[in-house]
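Okay, thanks for coming, everyone. Let me put the model up and walk you through it.

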Amino acid sequence: LPHCLVKLGSTVATNALLERRGVPTLLVADRGLGDVVRIGTQERPHLFELDIDLPAPLHTRTLEVGGRVSKGGVVLDALDEVETLRGFEQARLDGATSVAIVMIHSYAHPETESRLRELAEQAGFEFAVASHEVARELGLLARGETTVADAYLTPLLRRHVDDLAAALPGSQLRFMQSSGGLTDAVRFRGPNALLSGPAGGVVAA
């Protein structure tokens, strides 16, 4: 199909999320804030229920690091790069292959996140994403959840995309997102693919 535009909708990400088949993910957060994504909003259907059964988080382990800055950009806790690199290397040895980096004021001051991504890549991680790259907005919890979902699902989607590209050499692939819009294969990411329609369904060729 050398001159064809193939439009695809995929629930690969949705299925992987529901079945917990994403890649082993490491969450990197400011020291003292590593449990924010796990704690969530504390919303629950039965307010006074004592036995709270939370679903397992998407990430398999957490690395708390320095590098915290104030909302004005002042460094409050310097990043120890040597210690952090050791933490990344240990996480790799423990089986993590993807990294979600979520620092508290990175929507305004992303420099520490960018440096952490470089360190993760230096440690040999196959995929690393910083929260300011996928959800540059206020709100640590929402930004963190989106980033973890991206790290958990996007590597899986990229393998799916690569398989399709290999099966359809010369084709221009476009994938349907949950918004209903189409995106290029290289921009197709996990959070935007959730609830997007039947996996592998060809809309038009």
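So, Arg20 sits in the loop between helix H1 (12–18) and S2. When I say helix or strand, I mean DSSP runs, H or I with at least four residues for helices and E with at least two for strands, numbered from the N terminus. Arg20 isn't a glycine, yet it has a positive phi of about 55°. With a relative accessible area of 40%, Arg20 is partly exposed; buried is under 20%, exposed is over 50%, and partly exposed is in between, with a 1.4 Å probe and protein chains only. Gln42 also has a positive phi, about 70°, and isn't a glycine either. You'll find Gln42 in the loop between helix H2 (36–39) and S3, and at 41% relative accessibility it counts as partly exposed.

Quick housekeeping. This is a predicted model, where local features need pLDDT of at least 70 and side-chain atom pairs count only at pLDDT 80 or more, while totals for chains, interfaces and linings use all residues. Residues are numbered from 1 along each chain as its sequence is written, and side-chain values use heavy atoms, with hydrogens and water left out.

Zooming out: the protein chain has seven helices and eight strands. It has 205 residues, and 42% of them count as buried.

In which order do the four strands of the open sheet come? They go S3-S2-S4-S5, and the pairing is parallel. Two strands pair here if DSSP finds at least two bridges between them. S3 (61–65) and S5 are at the edges with a single partner strand each, so one side of each has no neighbour in the sheet. On average, neighbouring strands are turned by 20° against each other, direction ignored; the axes are lines fitted to C-alpha atoms, for helices over the stretch in contact, and angles run from 0 to 180 degrees between N-to-C directions.

Strand S2 (residues 25–30) is joined to S4 by five bridges, running parallel, and Ala29 stands opposite Val102 in S4. Helix H3 (residues 81–93) packs on the sheet and touches S2, S3 and S4, with its direction at about 175° to that of S3. Then there's helix H6 (residues 140–167), which lies across S2, S4 and S5 and runs at about 160° to S4.

S4 (residues 98–102) and S5 pair in the parallel sense over four bridges, with Ser98 opposite Phe127 in S5. Between those two strands the chain crosses through helix H4 (residues 111–122), and this β-α-β crossover is right-handed; that is, with the strands pointing away from the viewer, the path from the first strand over the helix to the second runs clockwise. In a regular strand, side chains alternate between the two faces of the sheet. You can see that in S5 (residues 127–130): Phe127 and Val129 point one way, Ala128 and Ala130 the other, and all are buried.

Now the aromatics. How many aromatic pairs are there? Two, counting rings of Phe, Tyr and Trp (its six-membered ring) with centres within 6.5 Å, where planes under 30 degrees apart are stacked, over 60 edge-to-face, and the rest tilted. Phe88 and Phe125 have ring centres 5.9 Å apart and planes at 75°, so that pair is edge-to-face. They're 37 residues apart, Phe88 in helix H3 and Phe125 in the loop between H4 and S5, and both are buried. The pair of Phe175 and Phe188 is stacked, with 4.6 Å centre to centre and 15° between the planes. Phe175 is in strand S6 (residues 172–176), and Phe188 is in the loop between strand S7 (182–184) and helix H7 (190–193). Both Phe175 and Phe188 are buried.

Back at Phe125, Arg92 lies over the ring face, 5.6 Å from the centre; the rule is NZ of Lys or CZ of Arg within 6 Å of the ring centre and within 35 degrees of the ring normal.

Last stop, helix H7, where we find Gly190. Buried or exposed? Gly190 is buried, at 0% relative accessibility. Setting aside neighbours within four places in sequence, Gly190 is in contact with Ala13, Asp150, Leu153, Thr154 and Leu157. That's my tour, thanks.

How values were computed
Contact means heavy atoms within 4.5 Å.
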